[in-house]
Amino acid sequence: MEDMVASIRTASVIGTHGAPVVVECHIATGLPGFSILGRPDDVCREARDRVRAAVMSSGFTWPSRRITINLAPSTSRKVGSGLDVAIALAILAADEQLDDSILRAVDDHAFVAELSLDGGLRPVAGVSPMAATLRDRIVVVASDNYEECRLVEPRHTRVACDLRGLVAHLAGLIPWPDPPDPRVDTTDVSVPDLVDVRGQNAARLGLELAAAGGHHLLLVGPPGSGKTMLAQRLPGLLPRLDADASLEATMIRSAAGEPLPRSGLLTVPPIRMPHHSMSLVAMVGGGSSALRPGEVSLAHGGVLFLDELGEFAPSALDALRQPLEEGVVRLSRAHSTAVLPARFTLVGATNPCPCGGGPPGSCECDEAALAKYRRRFSGPLLDRFDVRVVAHRPGADELLGTPNGECTAVVHARVMTVRAIALERQGVLNGRLTGPDLDRHAAVSTDGTRLLRTELETGRLTGRGLHRIRRVARTLADRDGEHEEIPAHHVAAALALRARIASHRRG
Amino acid sequence: MTSPHRFAHESDHLAVVRLLELPGLGPRRLLSMMREASPGDLLRRVESGRVPRRYAEFSRAWSATLASDLHRRPDDEIRDRLGDTRVLLVDDPDYPEHLRRDVDPPPALFVRGDVERLRRPGVAVVGTRHATEYGRAAASEIGRRLATADVDVVSGLALGIDAAAHRGALAVRSPVDPLDERGDPAVVRRSGAPVGVVASGLDVVYPRANGGLWRAVADAGVVISEAPPGTPPDRFRFPLRNRIIAALARVVVVVESRASGGSMITVDEALKRGVPVMAVPGATTTRASEGTNRLLRDGAMVATSPDDVLAVLGLASIGADPMMRELRVVPRDFDAAVLSVFAHDPLDLDRIVAACAPMTLGEVALSLGRLESWGWLRHTSGWFERVTITT
């Protein structure tokens, strides 16, 4: 028998990007064997046994000859089980078990699905980034991946239930099944509302400033002061994701294998709340050969909330530096590199001191404990937080008596106005103003300058602190419709909002 | 003690330093040993292993220390370390008489400053390290008025209440009249001075934040310790230190204290010695006043003002109080309105802004900034406290 070669289209995913892959199969006489070339990872290598079982249980014959699969281009890493169907079809084609009509039809198609041992098609993670590289083809996926695949608009999306059926559809013997009913979210995507927060005006203002100025936010407060509750309300204040951002966020989530919303598309800015025991890899991404996106990328377009900031491993916090500066995270491994998007609003939360603190006179910590606590927060990291507000444990009055504060919708509207003002004036949000731009766009009035000078001279404000105060004061002024020089009372407000961690006790 | 007033040799001073470094040889045990022999003799006995049977359990631990570099260091090293520190053995004629008669006197005192200050008992002003602005103000005012009435102010040189009390006492002597730089001795004699009783060695400043105050107290008054120079601030030394504070006091005034803590130990020591205890009442909601309010409930005398303390001393009518002149800018309009919101409790920004409605956050913040720069308020991490007196 003559040696046969066949090639089938599919894709793999690295980081948050898909990469097209061509599965080539060569069947030759010789000792029966099955090898996969082209740098498959462990899961992909296991396709050997999955595909064999699926082919045999679907009523096809397994060729008892020497089978060589090549995943081209052979230099890049292939990951995951999404190549299963393509491998199975390539073997069947090379073994001449498929008609010519099928072989012609296959050329227009690409296949992204895992095979079960009985020949069924299973959904895989990362369908949207993979399908995005196969836009000129008809993409065949498992029915659970249909919505996600359609998001990136390939030429056509088709679903199939199992390998036997898929071959029949390709041959034109059975029509392609109808796509599953579109799943619309019946419940509106629920974002917690600010109206639930009682009192906490300083912290509320902190959230609004963070959203309006793109400032990173540090919440300092004792346990039970509602830091997490406050942080969860920030995504509602941020602008909704536009079409591109939505798709990008969805693709990141998909590549990470995280569950997607029922409609398939992420529209609300995400909030990620990793626990402080997380590893460096979980934070920045990488780890597997797929260079799986980490928390910083999953928070792209939204909020990365680090509760108990001081408990995170210093290496994990240090790794935040690049994403905070460049909005991306660069992963380099021995054989692959990837640039993943990672632009987010960082919200840190911490106790004011190890004992939890409270009003002056209630702290239990001695100087040594305070000094140790301070050392946990590196200066460069703390410098990132423009807005640092105190969250107080609410008193009985606030919990029972105080009228409700503004709801998310009202604050959101104001946030959008302030963002528009800043973008029109300087092209970036106030939180990104530095150096000369700060002087040009955030000039302080004479009275305000005097306030700042006093603070500097008494040593209560540092040079870096000064820039932070100016950026925050700029946002405060924009919020009140003061678009020119920053008036003194906004500088004073920015100064009064300041919170400190483990402040030195007075002698 | 061979005789009540024996002039010690310098070798005894050096020996007592070495003896105090022996593990397990606390003040009480050393004192009873010193009743049998001078420190020099004791040290020789210990070094040669001729220890009385009742100390046999320590001899092994001691032999390790005796073999250590620390113990073998030359006398000169100890001399250097002592510097101008005076050593008062319990039988030294300069050793304070009322302390010698105490139930538990320190076998040796290390002294920096004016030894004369120890001749008469003072008033102890003690309290928590976690003080509120209210407590600091009260402590400082009591310290100032006591010193004005020629009463020495005994405290522990810790953060919070202790430091405030010492500062109050220091305020009476300074500023010195520029025309009379050296100070008229007659005038100086008539005012009380701070007496600091510390737990660590005199050259181990703890807490370090109080370094300046530590020196100022030694200059204006006296700082004492029963631990030799170089002794670290071990935890167990603080309760021991507190007994000395109680023993040096005619009255113990607790300004702010939590339900338990060092001040409560001082109170216990005072009660053991029959020294009257006074307490400054505080808000029932403030943690820093939990202990003092409990003392009041249990029958301690109330100190609502420095006059109450002076009355207990029988000094109420001595001289008129040279009231501190109000040097701060008097707030008006907005600022007065903002300041009027403050009672003794610290307030957070939210509450201040709510109480000042319809003023905006910015206006309130400006006003708070002014009040702080004039010294009426103190801002610590989101909390604002009213400052009652500046000293």
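1. Which domains does the domain assignment give for chain B? In this predicted model, chain B is assigned domain 1 (10–80), domain 2 (115–312) and domain 3 (333–386).

2. For domain 2 and domain 3 of chain B, the centres taken over C-alpha atoms are separated by 31 Å. Their contact involves five residues from domain 2 of chain B and six residues from domain 3 of chain B. On the domain 2 side, these residues comprise two nonpolar, two polar and one charged.

3. The contact between the chains draws 31 residues from chain B and 27 residues from chain A. On the chain B side, helix H17 (349–355), helix H18 (361–373) and strand E12 (383–386) are the elements that give two or more residues. H18(B) supplies the largest share, eight residues. Sorted by class, the side of chain B that touches chain A holds 15 nonpolar, ten polar and six charged residues.

4. Chain A is assigned domain 1 (4–171) and domain 2 (194–497). The C-alpha centres of these two domains of chain A are 44 Å apart. In the contact between them, 18 residues of domain 1 of chain A meet 23 residues of domain 2 of chain A.

5. Which elements give two or more residues to the side of domain 1 of chain A that touches domain 2 of chain A? They are strand E1 (4–14), helix H5 (127–132) and helix H6 (146–151) of chain A. H5(A) gives the most, with four residues. The residues on this side of domain 1 of chain A are nine nonpolar, five polar and four charged.

6. Chain A also contains an open sheet of five strands, in the order E11-E14-E17-E10-E18, with parallel pairing. Strand E11 (271–272) and strand E18 (385–390) of chain A each have a single partner strand and stand at the edges, so one side of each lacks a neighbour in the sheet.

7. The pairing of strand E10 (residues 216–220) of chain A with E18(A) is parallel and runs over five bridges. His216(A) has Phe385(A) as its bridge partner in E18(A). Helix H8 (residues 201–213) of chain A packs on the sheet, where it touches E10, strand E17 (345–350) and E18 of chain A. The direction of H8(A) makes about 165° with that of E18(A).

Note on methods: Residues numbered from 1 in each chain as written. Chains lettered and ligands numbered in written order. Predicted model: local features only at pLDDT ≥ 70, side-chain atom pairs only at ≥ 80, totals over all residues. Domains from an automatic or database assignment. Contact = placed C-beta atoms within 7 Å. Nonpolar A, V, L, I, M, F, W, Y, C, P; charged D, E, K, R; others polar. Pairing = 2+ DSSP bridges. Axes fitted to C-alpha atoms, helices over the stretch in contact; angles between N-to-C directions.
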